[in-house]
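I opened the notebook to look up pockets and helix contacts. My entries follow, in the order I made them.

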Amino acid sequence: MPQNNYKTQAEKYEFISAQHGGYYRHNFIDHAYLYNLYFPPKAIFTNLKDQIHDLVLNYPVAQDALAGLIGNIIDQPAERIVVGNGAAELIKIVSGRISGKLIVPVPSFNEYANAAPSGQVVEFPLEFPSFQLDVDKFAAEAFRVNVDVAVVVTPNNPTSMLIPKPDIIRLAKELETQDCMLIIDESFLDFAENPDQISLEQEIENYPNVAIFKSMSKAYGICGLRIGYMLTANSKFAGAVRNGVHIWNINGFAEAFLRLLPDYKQEFTESCKQVRTDRNSLYEKLCGIEGMTVFKPDANFIFCRMPDKVQSAPEITKKLFVEHNMYIKDCLGKTQPDSDRYVRIASRTEAENCRLVEALIDVMD
């Protein structure tokens with residue numbers, strides 16, 4: 001369907017729900033996509049505008065220089081870093097080309113499984129109904145099915161739950177005895193409390209079988225720039241992933257953003273703090289909805305089970321869009337029990353979150 005060629009709000013919903021972006025063109029309140037509303041600051045946009053001629057007319061730098069730019073931001077040597085056109089590019093390389101067989105807890109970010117060849121993914125169900133990961137059972141299953149790559153997303157998408165750091169470390173050590181690489185996707189970690197104390201980035205040299213993946217779209221609010229990176233002290237694994245990216249996989253605007261970012265550390269820290277404040281307030285409001293099961297979030301979104309007395313999550317999601325022009329994400333496409341009862345709600349500003357809760361209550365009546 002061509003852009004904006006819908007006659008009713010219901011037709012608009014059918015169009016939007018089949019898309020993977022470009023939402024800003026369609027005039028609705030987006031509580032589905034998961035990004036920081038408070039970053040980048042205006043000064044970064046002004047700087048990019050001032051450079052626009054050079055950025056459009058010239059080739060960007062290649063992988064070695066890009067890795068150095070990320071290294072400046074996360075205080076790591078460039079040789080440990082591979083920069084991707086979003087984390088999705090790196091996921092495609094690892095799931096699609098490098099891993100022989102991969103295990104991932106579910107529900108989770110679908111791309112790790114979707115990018116892998118048929119028959120080469122093992123889905124490990126999270127404990128139900130808590131959705132917590134038992135790392136010892138996970139490691140045992142990884143050993144039983146003989147995988148060479150294991151993936152965990154922390155905080156997880158869609159559950160928004162963090163895996164405790166001691167559990168991650170224990171999992172890494174258990175998998176190391178099996179010669180299995182552990183991918184830790186930390187794309188939402190900046191929204192958790194005390195992220196510097198949770199991440200393994202600054203301890204990566206202690207874990208040769210660990211690679212950290214990070215999509216910068218979420219925390220830095222730059223979905224359109226497409227930047228992600230992998231960090232690992234395993235030079236062989238880094239080399240294999242690096243060989244999978246083409247020479248100019250990052251555009252000039254993304255490169256310029258990476259050059260500007262070190263000057264805005266304080267603004268970034270403050271933006272994440274504001275996201276946490278808004279999210280916590282939204283969590284409290286959602287907990288006030290009768291019959292709603294609301295999981296305590298660590299990321300910038302909230303995982304909920306709809307009350308038993310109301311319609312299914314897909315029906316409520318559509319009704320919310322049609323009647324209130326607000327879009328949340330139902331979990332029907334996730335691998336989990338009762339997936340049609342669950343939704344994922346991205347936190348926005350306090351005012352927008354208040355309106356969302358009021359609208360949710362309205363469509364549930």
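**Pockets**

I began with the second largest pocket, which 24 residues line; Asp190, Pro195, Asp196, Tyr220 and Phe268 lie nearest its centre. This is a predicted model, where local features need pLDDT of at least 70, side-chain atom pairs count only at pLDDT 80 or more, and totals for chains, interfaces and linings use all residues. Residues are numbered from 1 along each chain as its sequence is written, and side-chain values use heavy atoms, leaving out hydrogens and water.

I noted the term: on a 1 Å grid over the protein atoms alone, a pocket is an open set of points where a 1.4 Å probe fits, with protein on both sides within 12 Å along at least five of seven lines; lining residues have an atom within 4 Å of a point.

The second largest pocket holds about 670 Å³ of space (the space filled by probe spheres set on the points). Helix α13 (265–287) is among the elements that supply at least two lining residues (helices are DSSP runs of H or I, at least four residues, numbered from the N terminus). α13 gives the largest share of this lining, five residues. I sorted the lining into twelve nonpolar, five polar and seven charged residues (Asp, Glu, Lys and Arg count as charged; Ala, Val, Leu, Ile, Met, Phe, Trp, Tyr, Cys and Pro as nonpolar; the others as polar).

Next I turned to the largest pocket, with about 1400 Å³ of space. Of its 47 lining residues, His20, Gly21, Tyr33, Leu34 and Arg344 are the closest to the centre. α5 gives the most to this lining, three residues. By class I found 21 nonpolar, 16 polar and ten charged.

**Helix contacts**

I then followed α13 to α15 (residues 350–364): their axes come within 10 Å and cross at roughly 20° (axes are lines fitted to C-alpha atoms over the stretch in contact, with angles from 0 to 180 degrees between N-to-C directions). That makes α13 roughly parallel to α15 (angles under 35 degrees count as such). Asp278, Ser281, Leu282, Lys285 and Leu286 of α13 touch Glu350, Asn353, Cys354, Val357 and Leu360 of α15 (contact means heavy atoms within 4.5 Å). Five of these residues are nonpolar, two polar and three charged.

Which way do α2 and α12 cross? The axes of α2 (residues 42–50) and α12 (residues 252–260) come within 10 Å and cross at roughly 130°. Ile44, Asn47 and Leu48 in α2 meet Phe253, Ala256, Phe257 and Leu260 in α12. I counted six nonpolar, one polar and no charged residues there.

Methods:
Parallel < 35°, antiparallel > 145°, perpendicular 65-115°, else oblique.
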